[in-house]
Amino acid sequence: MIKPVDYQALLEGAKILPVENWQKFTFVHVKPESDTIENKEIDKLKQTLRDGGNSYNQAGLYAYKQNNELLYIGKGNPIFKRLKSHYRDSFQPPNPSGKGNRWKAFFSQYTGDLKIYWIEVDDESTRQILEIALHKVLK
């Protein structure tokens, strides 16, 4: 019989937990008043990740928190592209086909200051396994 995996110990041993040890920044997640403002916010997001070690171009895991509540854990390749799409999509009208509407509704409900944590993980299989393990431990 296979013993259950201690995901908490696995993640702590790999220095993946606690998430608060990852690189982080605060992002003001509000509906932009214009495309110009939206583009400026996206540029700020890119620059913040770039300042954190060029992570905007890297693959990895990310987490959203608000008021110390974990909202979401995801993976991206590159991280910047996923964060940008969450920001852009969260304030778009629902898609008639229904595609992506669940995420739009989720991200649009969390506005204001969001803490975004991220860690670089190059290998796709490793990202997938770590994302699943993080969901198991943190949700």
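The axes of α3 (79-90) and helix α4 (residues 101-108) come within 8 Å and cross at roughly 85°, axes being lines fitted to C-alpha atoms, for helices over the stretch in contact, with angles running from 0 to 180 degrees between N-to-C directions. H86, D89 and S90 of α3 and K104, F107 and S108 of α4 make the contact, where contact means heavy atoms within 4.5 Å. By class, this contact has one nonpolar, three polar and two charged residues; Ala, Val, Leu, Ile, Met, Phe, Trp, Tyr, Cys and Pro count as nonpolar, Asp, Glu, Lys and Arg as charged, and the others, Gly among them, as polar.

The model is predicted: local features need pLDDT of at least 70, side-chain atom pairs count only at pLDDT 80 or more, and totals for chains, interfaces and linings use all residues. Residues are numbered from 1 along each chain as its sequence is written, and side-chain values use heavy atoms, with hydrogens and water left out. Helices (H or I, at least four residues) and strands (E, at least two) are DSSP runs, numbered from the N terminus.

**The sheet**

- Four strands form an open sheet in the order β1-β4-β2-β3, with antiparallel pairing; two strands pair if DSSP finds at least two bridges between them.
- The edge strands, each pairing on one side only, are β1 and β3 (69-76).
- From one strand to the next, the twist averages 25°.
- Seven antiparallel bridges pair β1 with strand β4 (residues 112-120). Within this pairing, F27 has L114 of β4 as its bridge partner, and H29 has G112 of β4.
- β2 and β4 run antiparallel and are joined by six bridges, and Y62 stands opposite W118 in β4.
- β2 and β3 also pair in the antiparallel sense, over seven bridges. The bridge partner of Y64 in β3 is Y72.
- The hairpin of β2 and β3 has two residues between the strands, and N67 there takes a positive phi near 50°.

- α3 lies across β1, β2 (60-66), β3 and β4, and runs at about 40° to β2.

**The cavity**

- A search of the whole structure finds one cavity of 30 Å³ or more. On a 1 Å grid over the protein atoms alone, a cavity is a set of points where a 1.4 Å probe fits but cannot get out, and lining residues have an atom within 4 Å of a point.
- The largest cavity has a volume of about 40 Å³; grid points are joined across faces, edges and corners, and a volume is the space filled by probe spheres set on the points.
- The lining of the largest cavity consists of F27, H29, L45, Y64, L83, H86, Y87 and I116. These residues divide into six nonpolar, two polar and no charged.
- β1 (23-29) and α3 each supply at least two residues of the lining, and α3 gives the most, with three residues.

- L70 lies in strand β3. Its C-alpha atom is separated by 7.9 Å from that of L138, 68 residues apart along the chain.
- Leaving aside neighbours within four places in sequence, L70 is in contact with A63, Y64, K65, L138 and K139.

**Backbone features in the loops**

- Most residues other than glycine have a negative phi, and most peptide bonds are trans.
- A cis peptide bond, with omega about 0°, joins L17 and P18. P18 is found in the loop between α1 (7-13) and β1.
- K15 lies in the loop between α1 and β1, and its phi is near 65°, a positive value in a residue other than glycine.
- The peptide bond from N77 to P78 is cis, with omega near 0°. P78 is found in the loop between β3 and α3.

Conventions. 1 Å grid on protein atoms, 1.4 Å probe; cavity = no way out; pocket = protein on both sides within 12 Å on 5 of 7 lines; lining within 4 Å.
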